[in-house]
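Visitor: Could you walk me through this one? I'd like to start with how the strands are put together.
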Amino acid sequence: MNQRCLIVGGGTMGSGIALVAVRGGYGVEIVEPLAGARERALAYFERETQRSGDGAVLEQITWLDGIPASSDVELALEAVPERFELKRDVFVALAHAIAPDALLATNTSSLSVAALADVVERPDRVVGLHFFNPPARMALLEVICAPQTSDEMLERAFAVAEKLGKTAVLASDTPGFIVNRVARPFYLQAMRALECELASVEELDALARGVGFRMGPFELMDLIGLDVNFATTESIYARTGAQRFAPVELQRRMVEQGLLGRKAGAGFYNYGNGPPERYEAVAEPQAQSNSDEFVALLGFGPRADELAELLEQRYANVQRIENDELIDELSPQATIVIDAGDGVSDRGEIIAGLDSVLGAESVFFIDAYATDLRRCARRMQHPQRLIGYGVLGALESQHAVEIVDSDDASDDALELAQELFATLGKGAVLVEDSPGLFLGRTVGSIVNEAMIAVAEEVASADDVDTAMRLGANYPIGPVAWGREIGGARIARILKRLADEEGEAFAPHRSLWMLDLAPNPEAEEAVE
Ligand code: NAD
């Protein structure tokens, strides 16, 4: 006999979960009082099963007007609107209806699972099953363990996830669980950057896509709805009181003005004449090697190695100096000097030294995430030749690079910067100078939030990475990304950000762990 489940609320999530459940082999009963919602759900089932040719599963779905007085289902899940009183009443009715040892689940995104467990008898049977929208397509399921949840019920929740074909991650009952929490800086830092006029919405979105996000933060907020996105931020901020989650004024104003995104016809973009055209910061790598320039690359570490390899493919004349003590060997012919440093230290002094010995026509590129560009320019006799650039982690997976459009830099130097990165096959976007520029500030803060979540035992590092890849389509999990960029490098970026914008954005003490071997036991075993 089929296992059976009861779903309360047949809206966006309830109907999607019902489809996932029947496909997973459950007999499903859905409680949905509104005829309109049922019709929408039926039309959705029709579309979905026509595409996949499994219409027969729909025979396993039964509609109910209200929660039955008694039910022998193994699993009951509520997916009614996000109001505590409503969910509480539904939970009380469900707890009376189902067997005391049946699993009782909530799909809440922002309420406390523990508070819901508190309203029923046998709170040990309560878990959060946080599906993602649309449930039929999103592979992730966050399983939320409340303090009351028993091990046996938790195990059963994981068995349910497996039956439904979902990848389950375990999260503790904390505001925003994993995905909604760790994704906050993607939106908040992007809007803070926009408030500082770092670059335009189109350019910032292009930069985000350039490092592998499927959508930029602004186009994504327009899709989600600015009101929905704002409400999630407000709820996490209200429950944690942590200033880094504080809503951004710009978004509050836009919500008040009805600029809610796609559904309202306007948000960060205007949808009046159909979908807006995407601005792409891309460049085709040059086929021929450039022999007009003489490029010198300073610095060491994986970023410098990768840059050197790419430069050698595209430029005929490349000199590599890995050791600062050999800097005197830098060729006086160098027309382009790229400093990759060690990714962590301020290189102002070394650059100022080079400025006094190299001819004024050569252009200097410095890592703007690590070095304070303004201070460096102040030390130079020829600050017009100084360009700040941002390469975050692996250059191979970064298709767009941010370049600082500083007051000092000459137009010629900025033009050469665009040319240089185009030669390397990278799009370039000009941004204003600010700690971490755009990508450093945004990705750095996401990694920081991931590390805070791990330190606070919201979830394991592996589960955080899985959740962000599957639940938010991140190109790589934030912990793995942090290892690639380097914990000390992220700490450097966030320290500078905190100095300017407040301690709330400071690096977490656990970032250093990113620079340890990922699995020390395994390495010891080899030895
Ligand atoms: P929705 O408004 O689309 O659907 C809710 C449905 O519940 C409606 O059809 C409504 O008629 C029905 N309902 C209201 N009161 C009811 C009652 N007493 N008994 C039975 N049905 C009742 O909302 P949604 O987007 O599906 O969200 C449902 C839950 O899922 C919320 O807790 C939300 O936070 C969570 N969630 C939503 C998303 C998302 O992206 N939409 C993602 C994850 C989790």
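Guide: First a term: two strands pair if DSSP finds at least two bridges between them, and strands (E, at least two residues) and helices (H or I, at least four) are DSSP runs numbered from the N terminus. The model is predicted, so local features need pLDDT of at least 70 and side-chain atom pairs pLDDT 80 or more, while totals for chains, interfaces and linings use all residues. Residues are numbered from 1 along each chain as its sequence is written, and side-chain values use heavy atoms, without hydrogens and water.

Visitor: Ok, which residue stands opposite Leu 297?
Guide: Leu 297 faces Ile 338 in β11; strand β9 (residues 290-298) and strand β11 (residues 336-339) pair in the parallel sense over four bridges.

Visitor: And what's the strand order in the open sheet?
Guide: The seven strands run β10-β9-β11-β12-β13-β14-β15, with mixed pairing, and the edge strands, pairing on one side only, are β10 (315-321) and β15 (427-431).

Visitor: Switching to helices, how do α7 and α16 pack?
Guide: Helix α7 (residues 184-195) and helix α16 (residues 439-455) pack at about 150 degrees with their axes 9 Å apart, where axes are lines fitted to C-alpha atoms, for helices over the stretch in contact (heavy atoms within 4.5 Å), and angles run from 0 to 180 degrees between N-to-C directions. That makes α7 roughly antiparallel to α16 (under 35 degrees is roughly parallel, over 145 roughly antiparallel, 65 to 115 roughly perpendicular, the rest oblique).

Visitor: Which residues of α7 meet α16?
Guide: Pro 185, Phe 186, Gln 189, Ala 190, Arg 192 and Ala 193 in α7 do, and their partners in α16 include Arg 441 and Glu 449.
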